[in-house]
Amino acid sequence: MAWKAIGIFDSGVGGLTVLKEVVRALPQEDTIYLGDTARVPYGTKSPETVVRYSRQIARYLLNRDIKLLVVACNTASAVALSALQQEFSIPIVGVIEPGARAAAAATKTGKVGVIGTAATVASSAYTKAIKRINPDIEVVNRACPLFVPLAEEGWVDNEVARLTAGIYLEDLKKHGVDTLVLGCTHYPILKEVIAEVMGPQVTLVDSAEQTALTVAGILAEQGLLRPRGERGNHHYYVTDIPAGFIRVGNRFLGGDLGDVYQVNLEQELQEDEGEETY
């Protein structure tokens with residue numbers, strides 16, 4: 001089992017920030033990443049649809065022989081994580097709980113801000129997770145939808161990014177939050193400008209970093225870590241033509257993106273089921 005890969009999926013390219021942190025924490029591990037680029041975004045879909053998509057991807061990655069699955073998508077983590085955990089026997093980690101735990105531990109004033117896509121904010125997933133840990137914490141949410149295209153365009157250190165961040169984050173500053181959760185996998189790309197706007201007194205919680213630490217802890221606990229001296233291999237799959245994913249992915253990973261292959265999930269799963277029948 002220790003020699004199997006870590007599976008990671010997202011609705012698109014944002015989950016590469018989670019993969020980057022997993023690779024940084026566990027350089028010896030193989031990873032298999034799937035971006036569901038044909039059906040992005042998940043945030044506008046019904047919960048039933050997101051659960052169906054997530055099940056398909058989980059089955060596909062399990063057929064690729066993974067030992068742990070990371071749901072590197074805030075919408076899927078909010079909506080589908082429990083269904084996946086009930087259905088599959090391997091450890092499955094979402095991005096919300098690790099971020100919530102870190103935020104609850106970091107705050108000193110009991111005021112935590114959460115920024116995310118409109119769908120993640122509407123789900124109240126971070127608020128619920130933080131309040132399960134400490135009901136006394138006040139959680140202030142703010143949707144920042146323009147951060148996603150800014151991150152994908154590489155506009156992370158210019159006047160447009162600063163003005164956008166200033167407008168979005170003004171309410172959170174007025175509320176006096178001392179901890180801010182980056183509740184979207186794209187947002188770590190904008191970490192510097194967000195930190196600049198919020199000021200040094202505010203702790204930023206990167207869910208990607210926290211998720212990687214959670215993965216490392218689970219694998220160590222279950223004796224599933226590969227030896228430290230190994231060097232992991234990384235495989236990338238998408239459900240639509242790879243060109244756009246490669247362009248943005250190289251920006252997210254600093255040019256380290258390897259070959260990217262297009263897959264047809266439904267066709268491959270049907271073929272696998274057909275092979276099992278015989």
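This is a predicted model: local features need pLDDT of at least 70, side-chain atom pairs count only at pLDDT 80 or more; totals for chains, interfaces and linings use all residues.
Of its 6 residues, 6 are buried, so β3 is largely enclosed by the rest of the structure. A residue counts as buried here when its relative accessible area is under 20%.

Strand β3 has two pairing partners described here. With β1, β3 pairs in the parallel sense over 5 bridges, and within this pairing Ile 6 stands opposite Leu 68 of β3. With β4, which spans residues 92–94, the pairing is again parallel and is made over 3 bridges. There, Leu 69 stands opposite Ile 92 of β4.

Asp 10 lies in strand β1. Is Asp 10 buried or exposed? Its relative accessibility is 4%, so Asp 10 counts as buried. Asp 10 and Ala 72 are 62 residues apart in sequence, yet their C-alpha atoms are 5.1 Å apart in space. When neighbours within four places in sequence are left aside, the residues in contact with Asp 10 are Gly 15, Tyr 33, Leu 34, Gly 35, Asp 36, Ala 72, Cys 73 and Thr 185.

Leu 34 belongs to strand β2. Leu 34 has a relative accessible area of 0% and is therefore buried. From Leu 34 to Ala 72 there are 38 residues in sequence and 9.9 Å in space, C-alpha to C-alpha. Beyond its neighbours within four places in sequence, Leu 34 touches several residues, including Ile 8, Phe 9, Asp 10, Ile 57, Tyr 60 and Leu 61. Its contacts also include Tyr 237, Thr 239, Val 263 and Leu 265.

## Helix α1

Which residues of helix α1 (residues 16–25) are buried? They are Leu 16, Thr 17, Val 18, Leu 19, Glu 21 and Val 22. An α-helix has 3.6 residues a turn, so residues three or four places apart point the same way.

The buried residues of α1 pack against both strands and helices. The strands are β1, β2, β3 and β9 (234–238). The helices are α11 (207–221) and α12 (243–253).

## Strand β7 and its two partners

Strand β7 is made of residues 179–182. Thr 179 and Val 181 point one way from β7, Leu 180 and Leu 182 point the other way, and all are buried. In a regular strand the side chains alternate between the two faces of the sheet.

Strand β5 (residues 111–116) runs parallel to β7 and is joined to β7 by 4 bridges.

The loop between β2 (31–35) and α2 (47–63) holds Pro 41. The peptide bond that joins Val 40 to Pro 41 is cis, with an omega of about 0°.

What is the phi of Asp 65? It is near 70°, a positive value in a residue other than glycine. Asp 65 counts as partly exposed because its relative accessibility is 43%.

Ser 124 is placed in the loop between α6 (118–123) and α7 (125–133). Its phi is also positive, near 55°, and Ser 124 is likewise not a glycine. With a relative accessible area of 28%, Ser 124 is partly exposed.

## The chain as a whole

The protein chain has 13 helices and 10 strands. Its radius of gyration is 18 Å, close to the 19 Å that the globule rule gives for 278 residues, so the chain is as compact as a globular protein of that length. Along the principal axes, the C-alpha atoms fill a box of roughly 65 × 40 × 40 Å.

Of the 278 residues, 53% count as buried. Among contacts between residues at least 6 apart in sequence, 76% join residues at least 24 apart. The chain exposes about 12400 Å², and carbon and sulfur atoms supply 50% of this area. There are 26 positive and 34 negative side chains, and the centres of the two sets lie 5 Å apart.

Conventions
Residues are numbered from 1 along each chain as its sequence is written. Side-chain values use heavy atoms; hydrogens and water are left out. Buried means under 20% relative accessible area, exposed over 50%, partly exposed in between (1.4 Å probe, protein chains only). The radius of gyration is taken over C-alpha atoms; the globule rule is 2.2 Å times the number of residues to the power 0.38. Contact means heavy atoms within 4.5 Å. Accessible areas come from the Shrake-Rupley method with a 1.4 Å probe; for residues, only the protein chains shown count as cover. Lys and Arg count as positive and Asp and Glu as negative; His and the chain ends are not counted. The place of a charge is taken as NZ of Lys, CZ of Arg, CG of Asp or CD of Glu. Two strands pair if DSSP finds at least two bridges between them.
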